[in-house]
Amino acid sequence: MSREQGQAHLDTYLAQVHRHLHGLSETEARETLAELRSHVLDRTEGQLSPAAVEAAIAALGAPRDVARVNVTERVASAVETNRSPLSVLRATGRLARLSLQGFTVFFVSLSGYLLAAGFLVTAIVKPFAPARAGLWILPADDLSFSLGVMDHSPLAREVLGWWIIPIGLVVGLGLAWLTWRFGVFSVRGMARGVKRPAA
Amino acid sequence: MVSKQVAPAEDETGKWETQLRKGGLGLAVLATLWPGRLYGLEMLRRLDADAGLSVPEGTIYPLLSRLKAEGLVDSEWVESDAGHPRKYYALTELGRRRVRDMAAGWRAFATGLERLLAPLDGDNR
């Protein structure tokens, strides 16, 4: 049992943590790993025997759990300091690779913002291109809608006409707000619910 | 008739205690820094020795990172005699104000609760 073995064991553990630090920038990841290394060195009082390293690593927790709690807390604190829609969307993107829940939250957020943008752009462009901007029911069946600015089929039927302007603005802004609230709520929820390494 | 399954009282008390500790952890961590800067393991040891708070080691750094993002603590890497660099944390001015406010809130809450709990002393019904 040598110091080199202890060192190698620590390096392997940190590499495993690093693999799960999805969503952190390289600088943040390096900072996190440096702090964990320093913690293990403090706890082993520089001995670095394999047994001491093993005990210190066990106290920190499984690499995946340690990485998840680090990523989630960092992302959640970024949202608390900057709650702009872009920052919240970016935060959900950072959590997307952590879990199925993270991916779902990102997917719903992205879809919500895109739909909101669709309504807003249509409402704003309508006065300038009344024949091309609007909400249309496609001829194939009465359940196919098409929203936006486009060259539509001559058989398509426009449903809202000029009403798309107030309705598009209200629905677009409302949808964007709801998506933003959903993102903030979900990121906070994920930070509260993340599995923390046991004591 | 539907009977609701009731969790054992000890489990419920344990959960409540966990939530209570979780809620107070931010204040406890900030309070350890009141006398001066500390590095992570020193904080963990002080929390354990002074407050009986056994904090999972893997959770202290994410918590410190959040406190730093909120501007309550600052950190710097310092070369140590131990032969490796250590990251020291210290309260910022905002952090000192916040910990004072949190301590006042905590004491007011605890004093009120103590008054409510006073009749329980010596009553073993």
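How many residues of chain A are in contact with how many residues of chain B? In this predicted model, 24 residues of chain A are in contact with 20 residues of chain B, two residues being in contact if their C-beta atoms, placed from the backbone, lie within 7 Å. Helix 2, helix 3 and helix 4 of chain A each supply at least two residues of the side that touches chain B, and helix 4 gives the most, with ten residues. That side of chain A divides into nine nonpolar, seven polar and eight charged residues. Here Ala, Val, Leu, Ile, Met, Phe, Trp, Tyr, Cys and Pro count as nonpolar, Asp, Glu, Lys and Arg as charged, and the others, Gly among them, as polar.

Residues are numbered from 1 along each chain as its sequence is written, and chains are lettered from A in the order in which they are written. Local features need pLDDT of at least 70 and side-chain atom pairs count only at pLDDT 80 or more, whereas totals for chains, interfaces and linings use all residues.

Chain A has seven helices and three strands, in the order α-α-α-α-α-α-β-β-β-α from the N terminus. Helices (H or I, at least four residues) and strands (E, at least two) are DSSP runs, numbered from the N terminus. The radius of gyration of chain A is 25 Å, well over the 16 Å that the globule rule gives for 199 residues, so chain A is more spread out than a compact globule. This radius is taken over C-alpha atoms, and the globule rule is 2.2 Å times the number of residues to the power 0.38. The C-alpha trace of chain A spans about 80 × 30 × 25 Å along its principal axes.

Of the 199 residues of chain A, 34% count as buried. A residue is buried if 20 or more other C-beta atoms lie within 10 Å of its own, exposed if 12 or fewer, and partly exposed in between, with C-beta atoms placed from the backbone. The largest nonpolar core has 31 residues, of which Val40(A), Val75(A), Leu95(A) and Val187(A) touch the most other members. Such a core is a set of buried Ala, Val, Leu, Ile, Met, Phe, Trp, Tyr and Cys residues joined through C-beta atoms within 7 Å. Helix 4 of chain A gives the most to this core, with seven residues.

Helix 7 of chain A (residues 164-193) has 30 residues and reaches 41 Å from its first C-alpha to its last, close to the 44 Å expected at 1.5 Å a residue. The expected span is 1.5 Å times one less than the number of residues. Among the buried residues of helix 7 are Trp180(A), Gly183(A) and Val187(A). The buried residues of this helix pack against helix 4, helix 5, helix 6 and strand 1 of chain A. Leaving aside neighbours within four places in sequence, Val187(A) is in contact with residues including Val75(A), Val79(A) and Leu95(A).

Leu10(A) lies in helix 1 of chain A and counts as buried because it has 21 C-beta neighbours inside 10 Å. Beyond four places in sequence, Leu10(A) is in contact with Arg37(A), Val40(A) and Val53(A).

Chain B has four helices and three strands, in the pattern α-β-α-α-β-β-α. Buried residues make up 20% of the 125 residues in chain B.
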